[in-house]
Structures are given as C-alpha cells and as structure tokens.
Amino acid sequence: MKRITQFTIVACAAVLTLFSGCERYDRVTDSTETSAYSGDFLRKYYDLQCQITKETPGFFPPQAARAFSYVGLSGYEAVVHGIPNAKSLAGQLNGLSANSLPQPEEDKAYNWAIAANAASAEMMRKMFDLNLSEENLQKIDQLEEYNYSQFYAANPLPVAERSAAFGKAIAEAIYQYSMTDGGHQSYMDAFQLPYSPPVGDHCWIPTSATVHPISPYWGQCRPFLIQNVSETQPAPHIPHSADVNSDFYAAAMEVYEQVNNNTPEQVEIAKFWADDPFKTCTPAGHTFNLLSQLLEEDDATLAKTAVSYAKLAIAENDAFISCWKSKYDFVLVRPFTYIRQHIDPDFNTVIGTPPFPAYSSGHSCEIGVGEMVFTELFTNGDGNYELSDRTGLQFGFGIRHFSSFSEMSAECASSRFYGGIHYQMDNLEGLVTGRKIGHNVLNQISWPEVN
Amino acid sequence: MARGKLGFFLVILALAALAACENEAMKEVGTDPIQLMADLHCEAVSLRKARFELADKMRFMEDTLMQPSTSDSAKALLQSQLNDLEPHKDSVVNRSLDLAAVIKSKLDSLIEQEFTEVEQRKAFDADLATELEKRGCQ
C-alpha cells in the first residue's frame, strides 16, 4: 500500500511537472520584482506593432518611431515600481513633470507582468487609433487577453484586476502627455500640408510621383530630451555647387560611380536595409526587431526587456525629430536629382528615393542610436557582439552577420550610399547625430541596473 | 487497488501530456527544420525578387510620367499600365505578408523549442545558409 501511495505521489508530480512545462510564461503571485518574470510576452507586442505599422496608413518613419516610443515608455512605467532602484521617467523627460504619472497603491500587491501587458496593449491601440483596422484591433485584444490568461490564474483576482487597471492608467496618462508633443494623430496628415519647399538649385524637388515631402514640420515636435535636438544638429553640408571641380560635384560623382560599380553584395545590402519597396515597419521597426532578437537571445527578464525597449524608444523618437529638423533646415537636393541634372540624365538609383530631403540620413541617425543602446545593453562597452540579423529572413532576405554593433550601423548607413539615395556626408553625419542621441539617452537619464 | 488504478491513470495522463507537448513541437517545427525553413525561405526569396522587380518597374514608369518630354498620349498609356499593375502589387504584397507570418511563426517555434542555445542557433544559421546556397535561392 505504501508503495502504491508513493507511486501515486510521484505520478502526480510528473503530471504537474509536465503540464507546467507546457506553460510559456512565469506565474508570480504578488509584487515580486520585475526581474522574476520573463520578458517574452512583451516582445510579442513589438512583433505585432511591426506588422500593424506596415498595414496602417500614414505610418512613415517619423510616425512609426513615435508610436514605438510611447509603447516603450508605457511598458517601462508600468513596471518601474517593481525594479529595485528604478526611477520613473516622469521628472526626467521634457514636459513630463515629476509625479505626474499614476502611482501604485501602497501596501497592495501587483503583478507587474499584467500591468505591462495592459499598458502596452492600451498604448498600442491609442497610437494607431483612428486608422487601426478592425482586424488589427482584434489582434491587439487577443494578445492582451492571451497574456492575461497566462498570468491571472495564479493571482488573487483583486491583484490581477488592480495590476491591469494600473497598466491602463499609466497608458492613459502617457497618452495625455503624448497629445502635446506635436505628433498627435499625425498619421492622419503625414504630409503636413500646406508646405511650400524653398526653391533653389540646392533644394530638394520631388523624385517620384509622391510630390509632397513627408512631415516637413516634424523637427518642431517635442523631443524627450531637449539636447537631443539642440545639441545634435549636423554642421552645414558641403556647399552646393554645379562646378565640376567642386566638392559637392565630387560627392555626387562618388554616388554615381558607386551605383555603377556596386558589387552584387552591395546591391543586396542596399535592399536588405531598405527592407521592402512597398510595406515596411520603417527603419525604426527594423531596429526594434533587432532589439527583440537580442532580448530573446539574452533570455531577458521583464525588467531588462522593459528597460531596453524604453531606452531605444526614447532614442529613436528623438533621432527622427533631430534628423527631420536637419532635413528641412537644409532641404538638400537628393543625389538622384543632382546627378540627372549635372552628370547623367539617365541615372537611376538601386532603390527608390524616399520623398524627403537628403541631409542627413534617417537610417543612419536611427541605427546610430541602435548601436549605442545595443552596445550598452549587450556588451561590456566595447560593442563586440556576434550578431546574425535574421529579421529579414521572413521576407526573403538572407541572414546578415556582424561582429560588432558598430559594424552593423556602418553597414546600414553605407546601404543608403550603395542604393544611390544618399551622399556619404548624409550617412556619416547621420551616424554622428544618432550616436550623440544614444549617448544622451543612456547617460542623462537615470536608468536602473538590470540583468 | 483503487489507488493502483489512480496511479496507472495518472501515469497514462502524464504520458499523454508529454506526447501532447511533443506533438505540438513537431507540428510547429516539422521533422527537418533546415529543409522546412529552406523550402519557405526559397519561396520568400522568390517573392522578394518579384516585389523589387515590380517596384522598379513602377518607379521607372512613374519617372517617365514625370518627364516633361513625355507626350500626353504616352502618359495616358503609362498611367493606364500603372493602374493595371496595382492589383498585381497588392497580390504579391499580400502573399509575401502571409508567407512572412508563417515563417516568423516557424522560426519562433524553432528558437523557443529546438535551438535554445546561441551555439545551436549559429549552427542552424550556418546549415540553413549551406542549404540555401545548394538550392541556389539567395
């Protein structure tokens, strides 16, 4: 009888072990530190956001970066009270005053995963709001419900409900903050008309059927850190000139010769970083996808996941504001136009030229912040990391390998040169701007140490 | 005896649970992950090339449309041809997105269930690259 009883206990334990092995997420019952949860569920939101960005009208690079940024902020603020020594971003970000965000109730238990889940879902709905399709709204709802179902059972109902309500309250408060940044619902008017571009030999003119440039006033949006715009503007570009002996002519000739002598790999690189000619989740989306991959490889906790997305979120948002300011301050003509006017009237680029001015490069700015944030998060500071970027695999691109994050950013920046759509100075200055912004975000905001 | 039956029942249940987990994994990743991913990736490569070719065709037509030297009759013809390409574009984009969702799902399953270590993923990347090269779809 005793043997049967022991056998029964062992069998019960086996059943429980096996069933729990099928579970995907941790279950924590009280205000356990955020590092006790897996960050897997949060990554799913960024996968979904990439998809929704592609399918929602009006989400060009600046709008997309902004939407990613507020989802990142919400996720962080929903869990910040569960990270030891972590400070809220309220009081640290431009226009977000200290103590302006909801606080958790004292002496009450919270499940931070539930809070982050609710905050992320709610903010994503708000960011796409008016243009969000019914199908994509359902996908957000389903992801939120699925995650909630994975967490709530092990918690007393009041804890689960309180945590979800807290997450939604955070999202609502940050949404209110977002409404005054100058980009609110900008997807409804991405071209910000009326806008009359300046006229002159050096000035941008349309390079495709899209005759209006995208978001000419984006540089006036409120950055999260003022210095990310005020202290990161590039020096004036090489003076425009049609003289064949000028530096500007040489810069354009450099693009022309590169395009005509691209190796097959350089063509591949140009297309890889362009992502797609029709629907992309924009360069910021590519970098968020990379972060998701890195977090997955790191088996990151919810604490590290939330902090990582928040760092990249703030930096990406400000990168597009800073970059767009320089684009419309200088309104520099694209190589496509200049080369046709002065070098070869039959010139064509490898990839389509985006409808906005050249100087500086948006891809370069945004990957510059990616380089800095990834280096801080995943290396000892040297930036060395064996990275296999498989984010394009699903769209028919190969896996690209890098041995450091600086190698990754340099290739991304150069891709615009190989593509024939940017002068090298656009890319070099863009990278400098992005790195400065990344440095600011990492060093001028108080971030918790997370593992 | 009743306890013995209960124990037996629980063992069967445990085995069923284990089998359910395994079946789920097999369904997700297929029996040969490299072959499966290579099949899907080759199809994705083909669609990618189609997208870029179509995009080039469309932008070159748009470019001609913008040229002052293009006659009105040529513009009308080009515009009509461009309009005709739109459904084709939608089709290739939608097929690409559908396939991408399948590949993403399979890839996530592989990483979560089979290649959980970095070294395993590197080996997977290398094996897949070899297979793709062998098939000539890059």
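A search of the whole structure finds three cavities of 30 Å³ or more. A cavity here is a set of points, on a 1 Å grid over the protein atoms alone, where a 1.4 Å probe fits but cannot get out; its lining residues have an atom within 4 Å of a point. Volume is the space filled by probe spheres set on the points, which are joined across faces, edges and corners. The model is predicted: local features need pLDDT of at least 70, side-chain atom pairs count only at pLDDT 80 or more, and totals for chains, interfaces and linings use all residues. Residues are numbered from 1 along each chain as its sequence is written, chains are lettered from A in the order in which they are written, and side-chain values use heavy atoms, without hydrogens and water.

**Largest cavity**
- The largest cavity holds about 130 Å³ of space.
- Its lining has 13 residues, and A:Lys54, A:Asp275, A:Asn289, A:Thr391 and A:Phe395 lie nearest the centre.
- At least two lining residues come from each of α2 (40–55) and α10 (282–297) of chain A; helices are DSSP runs of H or I with at least four residues, numbered from the N terminus.
- The lining divides into four nonpolar, five polar and four charged residues, where Ala, Val, Leu, Ile, Met, Phe, Trp, Tyr, Cys and Pro count as nonpolar, Asp, Glu, Lys and Arg as charged, and the others, Gly among them, as polar.

**Second largest cavity**
- The second largest cavity has a volume of about 50 Å³.
- It is lined by A:Asp276, A:Lys279 and A:Phe395 together with B:Arg51, B:Val93, B:Ser96 and B:Leu97.
- Helix α3 (residues 72–113) of chain B gives the largest share of this lining, three residues.

**Helix packing in chain A**
- Helix α3 (residues 61–79) of chain A packs against α10(A) at an angle of about 35°, with the axes 7 Å apart; axes are lines fitted to C-alpha atoms over the stretch in contact, and angles run from 0 to 180 degrees between N-to-C directions.
- The contact (heavy atoms within 4.5 Å) includes A:Phe68 of α3(A) and A:Phe288 of α10(A).

**Two buried residues**
- B:Arg48 lies in helix α2 (residues 33–66) of chain B.
- B:Arg48 counts as buried because its relative accessibility is 4%, and buried means under 20% relative accessible area (1.4 Å probe, protein chains only; exposed is over 50%, partly exposed in between).
- Beyond four places in sequence, B:Arg48 touches A:Glu268, A:Phe395, A:Gly396, A:Phe397 and B:Gln138.
- A:Ser208 sits in the loop between α6 (157–178) and α7 (227–230) of chain A.
- A:Ser208 is buried at 18% relative accessible area.

Notes: 1 Å grid on protein atoms, 1.4 Å probe; cavity = no way out; pocket = protein on both sides within 12 Å on 5 of 7 lines; lining within 4 Å.
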